[in-house]
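Okay, thanks for coming, everyone.

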Amino acid sequence: MPFRPCLPSLVLASLLLASSALAVAAPVAGPGVSPPAEAASAPAAGPRVWLVGPAGAALTLPEVLRQAADGDVIELMPGTYTERLTLVNRRLTIRGLRGGEPARIDGEGKPVDARALWTIQGGEVLLEDLEFRGARSTEGAGAALRLDGGRLTLRRCRLFDNEHGLVALNQPEARLVIEGGVFGLAPKVVGGLHHLLTVGRIARLEVRGVRFQQGFEGHLIKTRARENLIAYNFIHDGTRGGASLEIDIPLGGVATVVGNVIGQGADTQNPVVLSYGSEGSAWDLNRLHVAHNTFINHGWTPAWFLRVHRDKLPAGTELVAVNNLLVGGGVFEWTNEGRFEGNHHATRGALADVDTYAFELPPSSRLRGAAADLRALGLASLLPESEFHWAEGLRPLDPPPPRRTSWSPGAFQK
């Protein structure tokens, strides 16, 4: 049995409530992903919940990691955690207590030899309600999180002021899921090329309901995954953000980009907003679907909202772009060979209030209900089911697609 420190009655009551409400999912198997071998040895009685605190607490995170079994849940009390960790082939849930101050994993902006604050090597790890901040390395490429194989899921995590937010290395069977949370505040290092999210050649990336903002020189999202689902996010650099591309998918593959706000700041380093195939293709199947996104250019220079590098991609690479709303000066179909339906250009004044990030169409807009009927076009799979909900997360559409009869271009239908 794990050692449980004597706690004040209020904290102990919270722990008992958390333990009684606990539900941990079994490992998910899928194409290219196998549950770790250790899963078979998980205790039949169910996971144990460990409550730990920062340095100086009776029970610390490194001590619990040495004792916890696969399948256990580790809850972090509010405070600052400075330990650099590497989890090798573990199956664990590590989460902060919701409400109040966060559990903050802090590199304190100090360059060290380690490449990341936390490294996940294999296994299956779920991280919830944690904040990662201040990652620096002596090589200038410190990451808050580093995925080196296995499956990693982030829920409602916040990554700020890191040289790189999250880096997934080339592991062809790895999978990364990000649900909710915020990536932002890239350090302003000239020539650093610090990306908020960098994904190598992995099996699949899913990003839903996440806010990306305030990059600098690097990209907000850069992914070389074989399959990519980027849905219902707020990928918006801010009016004074200095990022390069908002989304870069340089090696092709299967990519679905649906229901996002994708905004380029006036101080961008590159006029391209969404790029696909700039490095050719590493995958046998290449397909890009771009549907119901609101693209915004805050600058005076025309943006290249979408650039597909046909000269570097295999013949027959599929491009479908439907019902996108293109706000501000820029080009979308130009040089891009593919299927385009129901896309509309608009000025900033066509949105409810650009300055307060109210990017929906006002009730009186002539564009309301002007989207193409994707069911009639055989593209019903690209109908959005949710939309981004400020400040992070998503909300289901009401009414949902089966009962909705009218659609508007862009990311918002309310």
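Let's start with glutamate 179, which counts as partly exposed at 28% relative accessibility; partly exposed sits between buried, under 20% relative accessible area, and exposed, over 50%, with a 1.4 Å probe and protein chains only. Before I go on, this is a predicted model: local features need pLDDT of at least 70, side-chain atom pairs count only at pLDDT 80 or more, and totals for chains, interfaces and linings use all residues. Residues are numbered from 1 along each chain as its sequence is written, and side-chain values use heavy atoms, with hydrogens and water left out.

So what does glutamate 179 meet in a salt bridge? The partner is arginine 155, at 3.0 Å, N to O. By salt bridge I mean a side-chain nitrogen of Lys or Arg within 4 Å of a carboxyl oxygen of Asp or Glu. Glutamate 179 lies in strand E12 (175–179) and arginine 155 in strand E9 (151–155), so this pair ties together parts 24 residues apart in sequence. Strands here are DSSP runs of E, at least two residues, and helices are runs of H or I, at least four, numbered from the N terminus. Arginine 155 is partly exposed too, at 28%.

Now, lysine 222 and aspartate 248: buried or exposed? Both are buried, and they form a salt bridge with their closest N and O atoms 2.8 Å apart. Lysine 222 is in strand E17 (221–223) and aspartate 248 in strand E20 (247–249), so the pair ties together parts that are 26 residues apart in sequence. The whole structure has 22 salt bridges.

Zooming out, the protein chain has two helices and 33 strands. Of its 414 residues, 55% count as buried. If you take contacts (heavy atoms within 4.5 Å) between residues at least 6 apart in sequence, 70% join residues at least 24 apart.

Leaving aside residues up to four places away in sequence, tryptophan 118 touches Leu76 and Leu127, and its other contacts include Phe132, Glu83 and Arg146.

That's my tour; over to you.
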